[in-house]
Structure formats: structure tokens, C-alpha cells
Amino acid sequence: EREGERAREREAARRRAVADAEEKKQRQEAEAAAEADAKRDAAQRRALAAAEDKRLREERLEADAAAAAEVEREREREREKDKDKERHAARNRAAEEKRLRLEAEAEREREREKERKAESERHAAHQRALAEEREREEMEQADVRKREKEKEKETKRSARNSGMSAKELLAHRKKERLEREEREKESEREEMQGGRG
């Protein structure tokens with residue numbers, strides 16, 4: 001009976017050893033599976049993190065490129081605005097220069113017109129002066145002719161009254177005039193000599 005007891009104990013011990021070995025094996029397998037799962041999970045996490053990092057890097061690069069493109073577009077818009085301002089200023093300058101040129105030309109034309117008017121007035125005044133001079137000369141000539149006719153009439157009248165012919169009366173008057181002039185010259189000479197004395 002003791003032998004049987006020992007055999008039972010040995011069998012129980014063997015079973016326990018087998019159970020322990022099996023449990024140990026299962027535990028090791030479970031630990032290995034858990035470790036493999038953990039490694040796989042870690043690898044997945046690393047892969048996901050790397051993919052997320054790559055996505056974020058690409059997004060940052062795209063955002064940077066978009067920002068740089070927007071900055072360049074803004075610069076281009078500013079350059080275009082500056083060009084528009086310059087073109088507008090150039091148009092304004094050209095318009096102002098044209099206005100000043102037209103004003104100067106209009107002023108020159110006004111001056112020329114004034115000069116033409118003054119020249120026309122000078123010409124008209126000259127023509128009037130010439131006409132007045134001619135009229136005066138004609139009047140003087142008419143007066144001279146009238147006086148000569150009067151003188152001629154007077155001479156004829158005097159000739160009739162004196163009994164001399166007109167020709168003789170003219171000769172007599174000429175002689176009297178010459179004598180009078182001679183006396184006047186003599187008187188002037190005496191006065192000059194007296195003044196020198």
C-alpha cells in the first residue's frame with residue numbers, strides 16, 4: 001500500500017511537473033506572442049508616426065510654397081500697381097505738358113494777333129497821315145493858286161489904275177523888292193560891323 005502511495009505521489013508529481021512545464025511553455029508562448037504583438041504595435045506606431053511626420057512635412061512644404069507664391073503674387077501686384085501709378089503719372093505729365101504747350105502757343109498767337117492788329121493800325125494811321133498830308137498839300141496848292149490868281153487880278157487892276165501894262169508893273173515891283181532887300185542886307189552888314197566894333 002505504501003508502494004502504491006509512493007507511485008501515486010510520483011504520478012501526481014509527474015503530472016504536476018508536466019502541468020508546470022505546459023504552463024511554463026504556454027506562459028513563454030504567451031509572453032513571446034505578447035512581445036511580438038508589442039513589437040508589431042510599436043513598429044506600426046513608428047510607421048504611423050513616420051507617415052504622420054512625412055504628411056506634416058509635406059503639408060508644411062506645401063504651405064510654405066503656397067505662402068511664398070502668395071508673397072510673390074503680392075509683390076507682382078505691387079509692381080503692377082507701381083507701374084500703373086507711373087503710367088498714370090506719365091499720362092498726367094504728358095497732359096500737363098500738352099496743356100502748357102497749347103497755352104503757350106495760344107499766348108504766342110494772341111501776341112502775334114496783337115502785333116498784326118498794331119501793325120494794321122500803324123499802317124492805317126500811316127495811310128491816314130499820308131491822306132491828310134496829300135489833302136493838306138492839295139489845300140495849300142489850291143491856296144497858292146488862289147493867291148496867285150488874286151495877285152494876278154491885283155496886278156492887272158493896279159496896272160489899269162497906274163496906266164502901266166501888267167508886265168511893266170511886275171518889273172517895277174521886282175525892282176522895288178530888290179532894292180528893299182538890298183537895303184535890308186546893307187542894314188544887317190552895318191549892324192554886324194557895329195557889333196564887332
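**Entry 1: the E105 pair**

I looked up E105 and found it partly exposed, with a relative accessible area of 35%. The classes I use are buried for under 20% relative accessible area, exposed for over 50%, and partly exposed in between, with a 1.4 Å probe and protein chains only. I note that this is a predicted model, in which local features need pLDDT of at least 70, side-chain atom pairs count only at pLDDT 80 or more, and totals for chains, interfaces and linings use all residues. Residues are numbered from 1 along each chain as its sequence is written, and side-chain values use heavy atoms, with hydrogens and water left out.

I then asked for the partner of E105 and got R108, in a salt bridge whose closest N and O atoms are 2.7 Å apart. A salt bridge here is a side-chain nitrogen of Lys or Arg within 4 Å of a carboxyl oxygen of Asp or Glu. R108 is partly exposed as well, at 42% relative accessibility. E105 and R108 are three residues apart in helix α1, so about one helical turn separates them. Helices (H or I, at least four residues) and strands (E, at least two) are DSSP runs, numbered from the N terminus.

**Entry 2: two further pairs**

I checked K39 next and found a salt bridge with E35, the closest N and O atoms lying 3.6 Å apart. Both residues are in helix α1 (residues 2-162), four residues apart, about one turn of the helix. K39 counts as exposed at 54% relative accessibility, whereas E35 is partly exposed at 47%.

In helix α2 (residues 166-196) I looked at R177 and E181, which are four residues apart, about one turn of the helix. Their side chains meet in a salt bridge at 3.9 Å, N to O. R177 is partly exposed, with a relative accessible area of 38%, and E181 is partly exposed at 36%. I also traced a network: salt bridges that share partners join E105, R108, E109, R112, E113 and R116. My search of the whole structure gave 34 salt bridges.

**Entry 3: charge**

I found a negative surface patch formed by E132, E135, E137, E138, E140 and D143. Patches are made of residues with over 30% relative accessible area and no salt bridge, like charges being joined within 9 Å and nonpolar side chains (Val, Leu, Ile, Met, Phe, Trp, Tyr) within 5 Å.

For the protein I compared the mean positions of the 60 positive and 60 negative charges, which are 2 Å apart. Lys and Arg count as positive and Asp and Glu as negative; His and the chain ends are not counted. The place of a charge is NZ of Lys, CZ of Arg, CG of Asp or CD of Glu.

**Entry 4: overall form**

I counted two helices and zero strands. The radius of gyration is 74 Å, well over the 16 Å that the globule rule gives for 197 residues, so the protein is more spread out than a compact globule. That radius is taken over C-alpha atoms, and the rule is 2.2 Å times the number of residues to the power 0.38. The C-alpha atoms fill a box of roughly 235 × 50 × 15 Å along the principal axes. Of the 197 residues, 3% count as buried.

Technical notes. Accessible areas come from the Shrake-Rupley method with a 1.4 Å probe; for residues, only the protein chains shown count as cover.
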